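Open the structure in your viewer and keep the selection tool at hand. The tour goes stop by stop.

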Amino acid sequence: MPGASRRIMAWLIDFVLVVAVAVLLGSFTFHRISALLTDTTELVGSSAWEVLTSGGHPLDATEQVWDHIWGSAVSAVQQAFVALALITFAYHFTALVLTSRTVGKLLLGLRVSPTEPGVLGPRRAAIRAGVTTLADVGCFALACCVLISGSVALSVLCWMVAVTVFWANGVPALRGRRLSLADRLAGTTVGNITLPQPGWGAARQGVSQTMDLGLTRAREGRAAWKNTVRNAPDSGQRTAGYETVRRVVDSEPSRAAASKGRAAFDRAKAAATRKHREDAPPIPPQPSRPPVPSYPPRPPEAPRPPLHRRD
């Protein structure tokens, strides 16, 4: 069962990704509202049309124009919050269906699996993604949308509900069985990713099992040979005994045991060699040899006098 710190770190990584998407949506919404306010042609045209059709009440026409601008800005902000919630749900749902983990859980070595034997499935992934999105983003986005629409009291109530749902989903994941509200509703659990790590102990165990199997086969063949020789009165039956032993030695189980023994021995030898190399002390550097002294060149020899023959 993973610790609370790993669950918190995985949630923080996923939440940072959601915040990055929120920043992009906020920038896009800001440019939409700026374009709405700086579009002088459309603004002047709508204002002039409202003044002409106001029946002599230009103030009312101007108020209608600004109400239209404010409603467009509020609609743009609400659309951004809805898009953030949908993107968050799509991120969690896609990650759970494809890999059973989000980016944060992948980096921290965690995995979402069903409490019952089987696969996670789209239904469990959708329930878990929906509850997680509602607790992390959905309720807060709804509270913000209600606030900018002008309902302050309802917005305060939505904020209280959002905080309650957030803590109700997060606190149980840090205590007891480590099951959040999303896990309880979807029937899932978050566990560690366990990978097999073969080592010297596994290789030694495989060699021991293979040797035991080979010795058992050898004892069975020797017992069959002794039984055949003891009960064979003539050479013909002894020859048949030889053939029986040969069939036992050349049988598929014996060959498989021999091949497994050779493979296990090779693996054990490679593991022992690797461990010996890892445990061996480093080779000390060899001392450098002193340079060979250079001697001056030898002087040229004086020419020898010629030899005279005596007659």
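Is A95 buried or exposed? Select A95 and look. A95 has a relative accessible area of 14%. Buried means under 20%, so A95 counts as buried. Keep in mind that this is a predicted model.

Now widen the view around this residue. A95 lies in helix α3, which covers residues 58-99. Show the contacts of A95: leaving out residues up to four places away in sequence, A95 touches S100, R101 and T102. A95 and A129 are 34 residues apart in sequence, yet their C-alpha atoms are 9.4 Å apart in space.

Move on to helix α6, residues 152-170. Draw a line between its end C-alpha atoms: they are 27 Å apart.

Which residues of α6 are buried? Select S155, C158, A162 and N169. They cover an arc of only 60° around the axis, so they sit on the same side of α6. What covers them includes α5 (121-148) and α7 (181-186). Now turn to the face of α6 directed away from its buried side. There you find the exposed residues A153, M160, T164 and W167.

Last stop: A257, in helix α10 (residues 252-279). A257 is buried, with a relative accessible area of 7%. A257 and R217 are 40 residues apart in sequence, and 8.7 Å separates them in space, C-alpha to C-alpha.

Note on methods. Residues are numbered from 1 along each chain as its sequence is written. This is a predicted model: local features need pLDDT of at least 70, side-chain atom pairs count only at pLDDT 80 or more; totals for chains, interfaces and linings use all residues. Side-chain values use heavy atoms; hydrogens and water are left out. Helices (H or I, at least four residues) and strands (E, at least two) are DSSP runs, numbered from the N terminus. The expected span of a helix is 1.5 Å times one less than its number of residues. Buried means under 20% relative accessible area, exposed over 50%, partly exposed in between (1.4 Å probe, protein chains only). The arc is that of the directions from the helix axis to the C-beta atoms. Contact means heavy atoms within 4.5 Å.
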